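Subject: Structure for your files, with notes

Dear colleague,

Please find the structure we spoke about below. My notes on it follow directly after.

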Amino acid sequence: MDTIHACFKEKIGEVLLPGDVFSFSFPESGDGSIKTEKVICGPGLRRNGEEVQVCKSGILRHKQPNMYWIDSQQRRYVPAKGESVIGIVTAKSGDIFKVDVGGSEQASLSYLAFEGATKRNRPNVQVGDLVYGQFTIANKDMEPELVCIDSCGRANGMGVFGADGLLFKVSLGLVRRLLAPQSEIVKDLEKIFPFELVVGMNGRVWVKAKTVQQTLIVTNLLETCENMTSQQRQTLFKKVAEGSL
Amino acid sequence: MAGLELLSDQGYRLDGRKASELRKVQARMSVFAQADGSAYLEQGNTKALAVVYGPHETRGSRSKSLHDRAVINCQYSMATFSTAERKRRPHGDRKSSEMSLHLKQTFEAAVLTELYPRSQIDIYVKILQADGGNYSACVNAATLALVDAGIPMRDYVCACTAGFVEDTPLADLCHAEESGGGTSLALALLPRSGNIALLQMDARLHQDHLDPLIEAAMTACKGLSKVLDGVVRQHLEEVSVLTRD
């Protein structure tokens, strides 16, 4: 009985709003043999007893064989445990730094949460610096906490960065596309000229290229990528690659 | 105004509408790129612009933040060119403070503030052209702006005005009908549950007429909610189609 798949299939590609519900009517088990179907509910869908509810607004997408999710366009970041983000240090108070991560509250970062930091050997972090860290605590009841070391005590790419370069904000969907394992956008950008790129899950991206002009070109390309199809993007990148020195 | 009938014998009002007809509603979302959420709404000749920032850290004094929910901060203002006579309105005058307080009350009922403790949500609304129903246009525009900002709400908040002439309730009053001296009722409703967020009435009304008047306003609000829902879905389609990879 493909009732579940049929219910979803008719809504693929349609706009759904939070509060929309998929309810499945299972026929009485008269014959005794009910085929169990496995359906994976991705982000934006939530199971509530016998129903599946939509909790984010967006378009329903489907991936073979049985995965469904809501493709949502969001700019506002909500801190979640384990995510790596770019933060801006806003204050130093006692033993912790206050970091702005773009959420509803500022996160706290202890000065001991850096590689090789001890009580005597304090890390060199000033107000206004950029830090790349991970959330250890992130829920609505407590203040979010960041750390710049992993569970083994190594920095692993995290910490203070950004002596030069430019920080800008994009939507969360674009950030996810950039962080995907085989990201087309990053591959196409690499062909134009070399640059350093740091992507935070809170929608913040930091770029540094050899000259200021190249940095600005990469920034503008990434910001326009949001509203372009892949065809338009490839033609634009090709035009820039030919036109730039 | 002698001889100016609010409702003619054939049942037509001053602008040619029937008693229960609403004015034409047009709206656009995401009109500002800098704000978290923004919307522009026209209800007949009344034009309102709403901008939402947040949820973010409480600005100013720490004491204003609540430990278990977000604070909603509303500001209502009218442009100097919005009325028939150009009039400079200072910030913080009595009328705009009262309207700001009403808007705050309305949205505290609808926004799920428990999800963002110790933070603040700012809603700024400006009337660009005032032709009656200022409060309603503000509420409708702010609802769309909150949806655009991705802030979770219990339901759309739809507002409409209603008046009473002879024995007929009129829905969606324009400026001439409001200032005629008759009753004017403003209602803000959460359409799906039928819960009233705010109810305000000017002038006197016979007790027997109250129920039909509220009924007329509720029906108008439910019709408006369908229009707002259509605007949101259309905006989502436009934005999502572009980002499909």
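The notes start with conventions, then take up chain B, the cores, and a few places in chain A and chain B.

This is a predicted model, in which local features need pLDDT of at least 70 and side-chain atom pairs count only at pLDDT 80 or more, while totals for chains, interfaces and linings use all residues. Residues are numbered from 1 along each chain as its sequence is written, chains are lettered from A and ligands numbered from 1 in the order in which they are written, and side-chain values use heavy atoms, with hydrogens and water left out.

Chain B

Chain B contains 4 helices and 9 strands (DSSP runs numbered from the N terminus: H or I of at least four residues for helices, E of at least two for strands). Their order along the sequence is β-β-β-β-α-β-α-β-β-α-β-β-α. Chain B has a radius of gyration of 18 Å, close to the 18 Å from the globule rule for 245 residues, so it is as compact as a globular protein of that length (taken over C-alpha atoms; the rule is 2.2 Å times the number of residues to the power 0.38). The C-alpha atoms of chain B fill a box of roughly 55 × 45 × 35 Å along the principal axes.

Of the 245 residues in chain B, 49% are buried (under 20% relative accessible area; exposed is over 50% and partly exposed in between, with a 1.4 Å probe and protein chains only). Contacts (heavy atoms within 4.5 Å) can be sorted by sequence separation: in chain B, 67% of those between residues at least 6 apart join residues at least 24 apart.

Cores

The largest nonpolar core has 65 residues, and B:Leu103, B:Phe107, B:Ile123, B:Tyr135 and B:Leu146 have the most contacts inside it (a core is a set of buried Ala, Val, Leu, Ile, Met, Phe, Trp, Tyr and Cys residues joined through side-chain atoms within 4.5 Å). Helix α4 (residues 210-242) of chain B gives the most to this core, 11 residues. Neighbours within four places in sequence aside, B:Tyr135 has contacts that include B:Met99, B:His102, B:Leu103 and B:Leu198. A second, separate core of 27 residues includes A:Val85, A:Val99, A:Val101 and A:Ala138.

Helices of chain A

Helix α2 (residues 172-179) of chain A has 6 of its 8 residues buried, so it is largely enclosed by the rest of the structure. The buried ones are A:Leu172, A:Gly173, A:Leu174, A:Val175, A:Arg177 and A:Leu178. They pack against α3 (184-190), β15 (195-199), β16 (204-209), α4 (212-225) and α5 (230-243) of chain A. A:Thr219 belongs to helix α4 of chain A and is buried, at 5% relative accessible area. Apart from neighbours within four places in sequence, A:Thr219 is in contact with A:Leu166 and A:Phe168.

Backbone points to check

Most residues other than glycine have a negative phi, and most peptide bonds are trans. The peptide bond from B:Gly54 to B:Pro55 is cis, with omega near -5°, and B:Pro55 sits in strand β3 (residues 46-57) of chain B. A:Asn156 has a positive phi of about 55°; A:Asn156 is in the loop between β12 (145-147) and β13 (159-161) of chain A and is exposed, at 61% relative accessible area. B:Ala203 also has a positive phi, about 70°. B:Ala203 lies in the loop between β9 (195-202) and α4 of chain B and is partly exposed, at 46%.

Regards
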